[in-house]
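Please look through the structure shown here. The report below takes it one region at a time.

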Amino acid sequence: MMKITISDLTNDGTVISTCDLFIENEHGTIANLKTDKSRLRHGFAKKVMTTAVKIANELRLKSISLRVLKNSFMREWYIRLGYKYFAEDTENENYEWLKKYI
């Protein structure tokens, strides 16, 4: 498994938004999406997610999945980015998996 960390930084190197893309075979998994609280709702998270998809395309992955809390703002946000329900989380019934085919 390979891990790529995608980050958007300020000019002085401070992290604004970041996520990890874990790659195994022809599939990627997004985890640990974070954005500095003072910069929420400015498009930084969308930028790193878009970059993750571009990297996945360059690596010829077939899909990307992510784990999300059911009935949350983030779930709806991921849906708007093109992710769709894929499966229930077997470890915690409050979470589910979303997937995007690329």
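## The second largest pocket

The second largest pocket has a volume of about 210 Å³. Its lining is made of 13 residues. Those closest to the centre are Asn 32, Leu 33, Arg 67, Val 68 and Tyr 78. Keep in mind that this is a predicted model.

Which elements supply at least two residues each to this lining? They are β3, β4, α2 and β6. Strand β3 gives the most, with 5 residues. Sorted by class, the lining of the second largest pocket holds 10 nonpolar, 2 polar and 1 charged residues.

## Arg 67, at the centre of that pocket

Arg 67 is among the residues closest to the centre of the second largest pocket. Arg 67 sits in strand β4. Is Arg 67 buried, partly exposed or exposed? Its relative accessible area is 36%, so Arg 67 is partly exposed. The limits explain the label: buried means under 20%, and exposed means over 50%.

Set aside the neighbours within four places in sequence. Arg 67 is then in contact with Asp 89, Asn 92, Tyr 95, Glu 96 and Trp 97. With one of these, Asp 89, there is a polar contact between side chains, at 2.3 Å. Phe 22 is 45 residues away from Arg 67 along the chain. The C-alpha atoms of Arg 67 and Phe 22 are separated by 13 Å.

## Ser 65, also in β4

Ser 65 is another residue of strand β4. Its relative accessible area is 6%, so Ser 65 is buried.

What does Ser 65 touch, apart from residues up to four places away in sequence? The list is His 27, Gly 28, Thr 29, Ile 30, Trp 97, Leu 98 and Lys 99. His 27 has a further link: its side chain makes a polar contact with the side chain of Ser 65, at 2.8 Å.

Ser 72 lies in the loop between β4 (63-69) and α2 (73-80). Its relative accessibility is 14%. Buried means under 20%, so Ser 72 counts as buried.

The side chain of Ser 72 has two partners to look at. One is the backbone oxygen of Leu 69, reached at 2.7 Å. The other is the backbone nitrogen of Arg 75, which lies 3.1 Å from a polar atom of the Ser 72 side chain.

## Helix α2

Which residues of α2 are buried? They are Arg 75, Trp 77 and Tyr 78. Look down the axis of α2: these buried residues fall within an arc of 160°, so they line one face of the helix.

What does that buried set pack against? The partners are β3 (27-35), α1 (44-58), β4, β5 (84-88) and β6 (95-101). After α2 comes Gly 82, with a positive phi near 105°.

## The largest pocket

The largest pocket has a volume of about 300 Å³. How many residues line the largest pocket? There are 14. Nearest its centre lie Leu 40, Arg 41, Ala 45, Phe 73 and Trp 77.

By class, the lining of the largest pocket divides into 7 nonpolar, 3 polar and 4 charged residues.

## Two loop residues with positive phi

Asn 25 lies in the loop between β2 (15-24) and β3. Its phi is positive, near 55°, and Asn 25 is not a glycine. Is Asn 25 buried or exposed? Its relative accessibility is 71%, so Asn 25 counts as exposed.

Arg 60 is found in the loop between α1 and β4. Arg 60 is not a glycine either, yet its phi is positive, at about 60°. Its relative accessibility is 70%, so Arg 60 counts as exposed.

Conventions
Residues numbered from 1 in each chain as written. Predicted model: local features only at pLDDT ≥ 70, side-chain atom pairs only at ≥ 80, totals over all residues. Heavy atoms only, no water. Helix = DSSP H or I, 4+ residues; strand = E, 2+ residues; numbered from the N terminus. Buried < 20%, exposed > 50% of the residue type's maximum accessible area, 1.4 Å probe, protein only. Polar contact = N/O pair within 3.5 Å; in protein donor to acceptor, adjacent residues only side chain to side chain. Arc of directions from axis to C-beta. Contact = heavy atoms within 4.5 Å. 1 Å grid on protein atoms, 1.4 Å probe; cavity = no way out; pocket = protein on both sides within 12 Å on 5 of 7 lines; lining within 4 Å. Points joined across faces, edges and corners; volume = space filled by probe spheres on them. Nonpolar A, V, L, I, M, F, W, Y, C, P; charged D, E, K, R; others polar.
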